[in-house]
Amino acid sequence: MTSIIQVNNVSKSFGGVVANSDISLSVEKGAITGLIGPNGSGKTTLFNSIVGYHPIDSGTIQFEGREISKFPVQKIARLGLLRTFQQTRIYGEMTGVENMLISLPHRKMRFAEAFGCNGAEEHERAERLLEFVGLYEKRFLRAGSLSFGQQKLLEFAMALMNEPTGLLLDEPTAGINPTLINGLIDRLRRANADLGITLFVIEHNMRVIMNMADKIYCLAHGELLAEGSPAEIQSDSRVIDAYLGAH
Amino acid sequence: MTRKPFSYLLLLAVIIAAPFVFPSFGTQLATLWLMIIVALTWDMTGGQMGYNSLGNITFYGTGMYVAAVITIGMAYDVGDYTNAAGGGIHAFTDLQYFSGLFLGMLGAGLFCAAVAVIVGYVTFGLRGPYFAIGTLGVAIATGELVSNWEWVGAGQGIALPVYPGDLDTGKVLFYFLFAGTGVALFVFLKWLYKTRFGAAVNAIRDDEEKAEAMGIHTLQYKLATWAMSAFFVGIAGAISAFQLIHFEPLETAYQTINLGIFMVVCVLLGGKGTLWGPVIGAIVFHVFKEVTWTYLLGWQWVALGALIVITVVYFEGGVVGWIMSKRSERLEAREQPNDAAVGAEQ
């Protein structure tokens, strides 16, 4: 297995707060990798560093062997590395279908092609993916009127529409009805297996991540605390201590 | 569906007949078309892309000057011409006039589009009110620079040749130049807003950060949109230059407090981010302005201010936004029983 995202000794501070300190990890191509840790342990900061949302203080980040730590967000997105947001971001004034059509992969589009209209093929793909996440019935509703959980599913579908190679998901199950979570796990797995998208997932729901991930990294206080298979992580006393606050 | 092309044809017939039916309103109608053009182009960035520019008047003034320099430059040395300030060299042949008019319009459009790309490269780093103030600064600075530039007549302005035919034919010609540009712009935008380009521009308005995260070439789209907008404003400026014959930099060409603000008011009145909004807003605004300037002279600015306040407070979406919200309320009221029926079936 080759790694698709390679993070080496990355540090990031905001003023005096060290959010990430000397973190190294790698995400295997085609796998589902988990990132866990207590609140404030630096998970989202690490995601933001990887996708170019802010510059890092030191270290290197590679995507498919290419150094990306100096690239801006759009450029990294066009390389095929996408992220979803913890505070879900969709285009609220547009319908579900319009949200999907905007998410067509612009990296595969020449500028002149932007002056074309979306054909039946694109509409069909948009509707198929909306059906995949279970939003087909609501496809013509204003996206802003959907519930938080539904917006989350829409954002996931938009990411799939973009045909990424790697997808960073920031708490995909937060705010989703517990009865729908099993369905979502299944969809994430299918996106990974059928569409071949590498997933890197921040998740607080241990049942979800332990079920899904091939490998898990655990952060605490901005440092990499543990790594290993779900079984190893579950039995790691340092991880349990970090969550329960023991020293 | 079959009614739609018919109503568009009817509209076109009205546009063509207007200057002949109301010959004494020829210049008024031409100005109305100017308002429609600047409102539609302002809405391209302000309404559709979420970038409220107060500097689009830059392209209007620049278009005027580019057209003048091209027309005069083809016949005389521009510096000598402005130095003489009407003293002697004023003769233009018909060919010089009409080729100047044509090339002036084209050149003004292209030059302004290029200016938009260069200025936009810097100002599109600004967001929200900062973009508005930044672009306003560009407009004021350009006006001041031009008003100190001797070669184009400095503060005295510059004079173009007078239309060679009789005056009434000239009025009709300018009406049709404005109307033709306006119709072309409308058709262009009707198509553009349906393409992927239009969708991407709307995405920038709704959540630019999300658009970036999805890999949309945001800067490229912003520059292209402003360039297209500037192209049409530049052409409108060129036509204005020939219509007005003589113009000066601060009050006519770079008139930030008049036309520069009026275009924004038109869009707010009609409805931001819609295709028809700017058109309807421009008509309402122009009629309102002319009526108050005629019958309420002395109080005209007060009336205009009151109109703006009422629009902003009570009709946030403008005329078109208000109609659309009324219509969707009615649709929802009609569809609710249907939903209940579907629910019962399930």
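Chains are lettered from A and ligands numbered from 1 in the order in which they are written, and residues are numbered from 1 along each chain as its sequence is written. In this predicted model local features need pLDDT of at least 70, side-chain atom pairs count only at pLDDT 80 or more, and totals for chains, interfaces and linings use all residues, while side-chain values use heavy atoms, with hydrogens and water left out.

**Stop 1: chain B as a whole**

Select chain B and colour by secondary structure. Chain B holds 15 helices and two strands (DSSP runs, H or I of at least four residues for helices and E of at least two for strands, numbered from the N terminus). The radius of gyration of chain B is 22 Å, close to the 20 Å that the globule rule gives for 346 residues, so chain B is as compact as a globular protein of that length. That radius is taken over C-alpha atoms, and the globule rule is 2.2 Å times the number of residues to the power 0.38. Along the principal axes, the C-alpha atoms of chain B fill a box of roughly 85 × 50 × 40 Å.

Of the 346 residues in chain B, 49% are buried. Buried means under 20% relative accessible area, exposed over 50%, and partly exposed in between (1.4 Å probe, protein chains only). Of the contacts in chain B (heavy atoms within 4.5 Å) between residues at least 6 apart in sequence, 81% join residues at least 24 apart.

**Stop 2: Thr71(B)**

Select Thr71(B), which sits in helix H3 (residues 57-75) of chain B. Thr71(B) has 0% relative accessibility and counts as buried. A polar atom of its side chain lies 2.8 Å from the backbone oxygen of Ala67(B). Neighbours within four places in sequence aside, Thr71(B) is in contact with Phe92(B), Gln96(B), Gly100(B), Leu101(B), Leu160(B), Pro161(B) and Phe242(B).

**Stop 3: the interface**

Show both chains and select the residues of each that touch the other: 26 residues from chain B and 28 residues from chain A. The two chains bury about 2,500 Å² between them, 59% of it on carbon and sulfur atoms. Buried area here is the accessible area (1.4 Å probe) that two parts lose on being put together, summed over both. In chain B, Arg196(B), Lys210(B) and Met214(B) lose the most area to chain A, together 32% of what that side buries.

Between chain B and chain A there are 16 residue pairs in polar contact, both residues at pLDDT 80 or more. A polar contact is a pair of N or O atoms within 3.5 Å; within protein, one must be able to donate a hydrogen and the other to accept it, and residues adjacent in sequence count only if both atoms are side-chain atoms. On chain B, helices H7 (167-192), H8 (196-206), H9 (208-213) and H10 (218-244) each supply at least two residues of the side that touches chain A. H8(B) gives the most, with seven residues. By class, this side of chain B has 13 nonpolar, six polar and seven charged residues (Ala, Val, Leu, Ile, Met, Phe, Trp, Tyr, Cys and Pro count as nonpolar, Asp, Glu, Lys and Arg as charged, and the others, Gly among them, as polar).

**Stop 4: salt bridges between the chains**

A salt bridge is a side-chain nitrogen of Lys or Arg within 4 Å of a carboxyl oxygen of Asp or Glu. Four salt bridges cross the interface of chain B and chain A. Select Glu155(A) and Lys210(B), one such pair, with the closest N and O atoms 3.2 Å apart. Glu155(A) lies in helix H5 of chain A and Lys210(B) in helix H9 of chain B, so the pair joins two chains. Both residues are buried.

Next select Glu209(B) and Arg89(A), whose closest N and O atoms are 2.7 Å apart in a salt bridge.

**Stop 5: salt bridges within chain A**

Select Glu93(A) and Arg142(A), a salt bridge with the closest N and O atoms 3.3 Å apart. Glu93(A) lies in the loop between strand S6 (81-83) and helix H3 (96-102) of chain A, and Arg142(A) in the loop between helix H4 (120-132) and helix H5 (148-161), so the pair ties together parts that are 49 residues apart in sequence. Glu93(A) is exposed, with a relative accessible area of 56%, whereas Arg142(A) is partly exposed at 39%.

**Stop 6: helix H1 of chain A**

Finish at helix H1 (residues 43-50) of chain A, where seven of the eight residues are buried, so the helix is largely enclosed by the rest of the structure. Among the buried residues are Lys43(A), Phe47(A) and Ile50(A). Just after H1(A), Gly52(A) takes a positive phi of about 85°.
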